[in-house]
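Welcome to my notebook. I went through this structure one place at a time and wrote down what I looked up.

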Amino acid sequence: MTSDGATDARLLLMQLLDPANRADPYPLFARIRRLGPLSMPESRMTVFSSFADCDAVLRHPQSCSDSMKSSVVQQHLASGAMPPRGNTPGFLFLDPPDHTRLRKLAQQAFAPRVVRALEPEIDAMVDRLLDAMAEVGSADLIADLAYPLPVAVICRLLGVPVRDEPRFSSAAALVAQALDPIMSITGAPDPQADVRLQAGAWLREYLGELVERRRAEPEEDLISALIAAEEDGDQLTADEIVATCNLLLIAGHETTVNLIANAAQEMLRTPAHWAALAADPSLAASIVEETLRFDPPVQLVMRIAGADLRIGAIDIPRGDTMLLLLAAAQRDPAMYDRAGEFRLDRESARHLSFGLGPHFCLGAPLARLEARLALAKLTARFPKARLNADPVYKPNVTLRGLATLSVAL
Ligand code: HEM
C-alpha cells in the first residue's frame, strides 16, 4: 500500500474510534473489509478484516499475545517513553509457557461440567431479576438484567463479595476501556491512560486484600483454589493470583452483558424473533450463536508477530502488530451467505467471537449458558416487550456494548 493508502487506512480507523460510529460501526467495517488488509508501516501494524485472514492469524503458531514482543513497545521502552512493565498481566496477555501454566490452573473452574452444575442457581438468579422488573412494569435491560446477572455469577465463582460490586464496577469499566487500540491507531498515548492506570491499581489492591483474607480463611471459591495451588507447589506467585482474578473479573463483567443486550436489542428490532423465542425456548442457542456472529461483544483482538510471517499475500515482519477486526470478519460475504442479515435459520455457522486457538475464551460455556437462560426467560415472561427509547452505547470500541436499553414490558 502507498503512503497515501496508509493515510486513508488511518483515517478509516480513526472513524472507528469516533463515538458517533459506535451505534452502527458495520458500514465502516464493510468499507475497511472491501479494501483488504491495511498495512500501516509507520505504525508497524497491519489490519485484517476478512474471515480467512483473521482465522489464519489466530491459527498461526507465531501469533503472540504478549505486547512486550511489539517492536513499537520495545522502542518506547528503550527510549524511556514508556516505563517497564510493573505488574504481572493476566494470562490473556501472555504466551507459553506462562500462559499455559496459568490458564491450566484457572480452567478447571470453567469446565463445561462445572458450568452445567451452576444452571439451577443461574436460573434462580434470572427469575429474581425478572420478578423485580415485573413489579415496575418497565426496565433498563442493562441495569436490570444483562449487567447484574454475569456480575453475580463471576463474583460467586471467584469468591468476590457481590456487596462490594458498587465499589469496583467503575474501576472494572475503566480497565476494560484500556483494551481499545487508541495508541496503535492514533500513534499518540491514550489521553485517559492515567485514569485507567489508577483504576487498575485500585482494583489490584482490592483483589490483593481479598486474596490475603482468603489465605487466612479459605472458602469454596476460585481465589481459595488458586491460593491452595500456590501454597501447594510453587505453581503461581501471589502477583499472578491477583492478575488472574483481575482478568476473570473484568472478562466476567464486560462481555456477557454485551451478548445478552445485543441479542435482546436485535429481537426487539424484529419482534417476530422476540415472539419466536418467547414461544420456543429451544431457539435460544441459535439466537445466541447468531448474535455472537452478527454483533460480537468483543469486536477486535490484537496479535504480535513472534517471527517474520506471511498471512495470505501479506508479509508481516517480526514485532509488528496485527489488528483483527472480528466484527468485520463475521459479516464477510466470502464466508457467510447473506452475511448482513440476522437469521434464526443459519446452519451452525462458525465464528471467531470467542477467539480461536490457545487463547480461546475460557468463559464461553458460562457465557452461552447465562445468555440462553436470560433470553429465553426474558422473552417468555414479557412476550409483548418493546423498545421504549433509543439505545445508548458505552464509549468502548473493543468491548462495544450498550449502556442502556429501555423497554416497556
Ligand atoms: C459473550 C461473552 C464473552 C465473549 C464474547 C468473550 C470473548 C473472548 C475472546 C474473543 C477471547 C480471546 C481473546 C484473544 O484471543 O485475544 C476471550 C478470552 C478469554 N475469556 Fe472470554 N468472552 C466472554 C465471556 C467470558 C467470561 C464469562 C469469562 C469468565 C469469567 C471469560 C474469560 C476469558 C478468559 C480468562 C480469556 C483468556 C483466555 C486465554 O488467554 O487463554 N470470557 N474471550
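**Entry 1: lysine 394**

I began with lysine 394, which is in contact (heavy atoms within 4.5 Å) with Arg22, Glu254, Asn258, Gly401, Leu402 and Ala403, leaving aside its neighbours within four places in sequence. I found lysine 394 in the loop between β10 and β11; helices (H or I, at least four residues) and strands (E, at least two) are DSSP runs, numbered from the N terminus. Lysine 394 counts as buried because its relative accessibility is 18%. My cut-offs are under 20% relative accessible area for buried, over 50% for exposed, and partly exposed in between, with a 1.4 Å probe and protein chains only.

**Entry 2: what I am looking at**

This is a predicted model, where local features need pLDDT of at least 70, side-chain atom pairs count only at pLDDT 80 or more, and totals for chains, interfaces and linings use all residues. Residues are numbered from 1 along each chain as its sequence is written, and side-chain values use heavy atoms, with hydrogens and water left out.

**Entry 3: the whole chain**

I noted 19 helices and twelve strands in the protein chain. Along the principal axes, the C-alpha atoms fill a box of roughly 60 × 55 × 35 Å. Does the radius of gyration point to a compact globule or to something else, and why? A compact globule of 409 residues would have a radius of gyration near 22 Å, and the protein chain has 21 Å, so the two agree. That radius is taken over C-alpha atoms, and the globule rule is 2.2 Å times the number of residues to the power 0.38.

I also wrote down that buried residues make up 52% of the 409 residues. Of the contacts with a separation of 6 or more, 71% are between residues 24 or more positions apart. The accessible surface comes to about 18,100 Å², and 55% of it belongs to carbon and sulfur atoms; the areas come from the Shrake-Rupley method with a 1.4 Å probe, and for residues only the protein chains shown count as cover.

For charges, I looked up the mean positions of the 41 positive and 52 negative ones, which are 4 Å apart. Lys and Arg count as positive and Asp and Glu as negative, while His and the chain ends are not counted. Each charge is placed at NZ of Lys, CZ of Arg, CG of Asp or CD of Glu.

Helix α14 (residues 238–254) has 17 residues and should span 24 Å at 1.5 Å a residue; its end C-alpha atoms are 25 Å apart, which agrees. The expected span is 1.5 Å times one less than the number of residues. I saw that α14 is mostly covered, with 14 of its 17 residues buried.

Next I turned to helix α17 (residues 284–294), which is largely enclosed by the rest of the structure because eight of its eleven residues are buried. Those buried residues are Ala284, Ile287, Val288, Glu290, Thr291, Leu292, Arg293 and Phe294. What do they pack against? I found α2 (26–35), α15 (256–269), α16 (271–279) and α19.

**Entry 4: backbone details**

The peptide bond from proline 96 to proline 97 is cis, with omega near 5 degrees. Proline 97 is in the loop between α4 (71–79) and α5 (98–107).

Arginine 44 is not a glycine, yet has a positive phi of about 50 degrees. Arginine 44 is in the loop between β1 (38–40) and β2 (45–48), and is partly exposed at a relative accessible area of 26%. Arginine 338, also not a glycine, has a positive phi of about 45 degrees. I placed arginine 338 in the loop between α18 (326–329) and α19 (364–381); its relative accessibility is 48%, so it counts as partly exposed.

Threonine 398 is in the loop between β10 (392–393) and β11 (402–404) and is buried at 4% relative accessibility. Its C-alpha lies 7.7 Å from that of proline 181, although the two are 217 residues apart in sequence.

Threonine 46 is in strand β2 and is buried, with a relative accessible area of 4%. Beyond four places in sequence, threonine 46 touches residues including Pro37, Ile314 and Met322.

Alanine 385 is in the loop between α19 and β9 (386–387) and is buried at 11%.
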